[in-house]
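Biologist: I would like to learn how to read a protein core and a disulfide from a model. Please take me through one example.

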Amino acid sequence: MAKKKKKEPSGCGCGSIPISLILLILGVGGWWFSQAENRQVGRYFPKDTTVTIPVLNQPITLNPSSPSPSSTPKVVPIKPVEPLPTPEVVEVEVPKEIEFPKAWTQKKMRGIYLSRYQVTNNASEETIRERVRYYRAQGFNTILHGVWGNACTMYKSEVMAQQLGFPSCPNLFQDQWLDWLIDEAHKQDMQVHAYFEKGIKIDKNSPVYERAVAEKWLVPGVDKTYSGIEHYVLDVDHPKVADLFTEIMVEFVQKYPTIDAVQWDDYLGYHAELPGEVDRTASLTKFSQRLIKEMKKANPKVSFDLCHHNPYWSKRYFAGS
């Protein structure tokens with residue numbers, strides 16, 4: 001007789017768990033959940049964790065850090081801003097003593113520096129006059145032309161011959177080159193400003209250098225405003241230096257009475273890094289005032305110009321320029 005097959009147990013087998021064990025688990029669980037800190041189940045999940053339920057296809061954030069939308073924010077009243085008062089318009093009257101002449105305010109100067117080496121180095125009269133006419137055709141109305149450099153004149157000077165033993169810097173200039181230049185410029189309704197290039201500075205190539213060293217005409221130190229060449233500065237406080245420049249200025253405006261202006265170079269100044277840190281502003285001012293006074297006395301029609309440095313350059317490199 002065949003044996004009856006043993007029936008396999010079905011389900012999870014929970015029925016075989018003793019009732020005493022089930023009661024024990026329920027009791028411990030109830031005690032654990034009764035504790036307040038254990039009811040904060042959210043602390044076991046990461047903050048601001050977003051999960052998506054496929055059925056709803058909507059993100060749900062667990063433990064959101066932001067307040068509940070249902071909470072009503074506190075409304076803080078905003079105080080209205082009072083309008084700013086309208087600024088009072090004050091009209092400033094310009095004193096008459098500093099009003100510019102109409103001729104100055106209406107004048108439009110278009111100047112060009114005409115290198116002395118370009119037109120006066122043994123140039124003919126026609127070459128010089130043609131060059132003036134060419135610049136007039138280009139719209140210029142003022143020519144700045146060098147007449148001095150490295151402490152010597154580019155024209156024949158009696159003062160130079162008497163004081164220093166030579167009439168001018170070594171050159172091939174024809175005697176009347178500046179006369180031709182001024183004459184043609186005035187025919188073309190142009191002005192000529194005589195440019196005293198390098199001002200009170202010299203280098204070792206100057207014909208005055210050895211005498212300036214021997215007679216102590218130079219201020220101490222080397223002027224290195226430009227890295228390409230070393231300059232030495234004539235001391236305008238030295239009587240012979242001041243007298244030489246004054247006599248040269250007077251002679252020039254008398255020798256060329258129709259010149260429109262004399263312009264001194266921006267080298268009328270002292271490098272700030274010269275030894276001693278001496279402020280020579282007062283000396284330079286006194287020297288310039290003397291030049292202008294004597295020049296005007298000799299020829300009142302001539303203007304005095306100074307090609308000064310801009311404020312940044314002057315403050316950085318010079319004392320009193």
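Predicted model: local features only at pLDDT ≥ 70, side-chain atom pairs only at ≥ 80, totals over all residues.

Biologist: Which residues of the largest nonpolar core touch the most other members?

Modeller: The general idea first: in soluble globular proteins, nonpolar side chains tend to be buried together. Here the largest nonpolar core has 63 residues, and Ile200, Leu234, Phe252 and Trp264 touch the most other members. Helix 8 (residues 239-255) supplies the largest share of this core, eight residues.

Biologist: What is Phe252 in contact with, leaving aside neighbours within four places in sequence?

Modeller: Phe252 then has contacts with Val147, Tyr155, Leu178, Ala194, Phe196, Ile259 and Val262.

Biologist: Leu178 is a buried residue of helix 6. What do the buried residues of helix 6 pack against?

Modeller: An α-helix has 3.6 residues a turn, so residues three or four places apart point the same way. In helix 6 the buried residues are Trp177, Leu178, Trp180, Leu181, Ile182, Glu184 and Ala185. They pack against strand 3 (111-114), helix 4 (125-137), strand 4, strand 5 (191-196) and helix 8. Just after helix 6, Asp189 has a positive phi of about 60°.

Biologist: How many disulfides are there, by the distance rule?

Modeller: The test is whether two cysteine sulfur atoms lie within 2.5 Å. The count is one disulfide. Cys152 and Cys169 form it, with their sulfur atoms 1.4 Å apart. Cys152 is in the loop between strand 4 (142-148) and helix 5 (158-164), and Cys169 in the loop between helix 5 and helix 6 (177-187), 17 residues apart.

Biologist: Are these two cysteines buried or exposed?

Modeller: Both Cys152 and Cys169 are buried. Their link is right-handed, with 90° about the S-S bond.

Technical notes: Residues numbered from 1 in each chain as written. Heavy atoms only, no water. Core = buried A, V, L, I, M, F, W, Y, C linked by side-chain atoms within 4.5 Å. Buried < 20%, exposed > 50% of the residue type's maximum accessible area, 1.4 Å probe, protein only. Helix = DSSP H or I, 4+ residues; strand = E, 2+ residues; numbered from the N terminus. Contact = heavy atoms within 4.5 Å.
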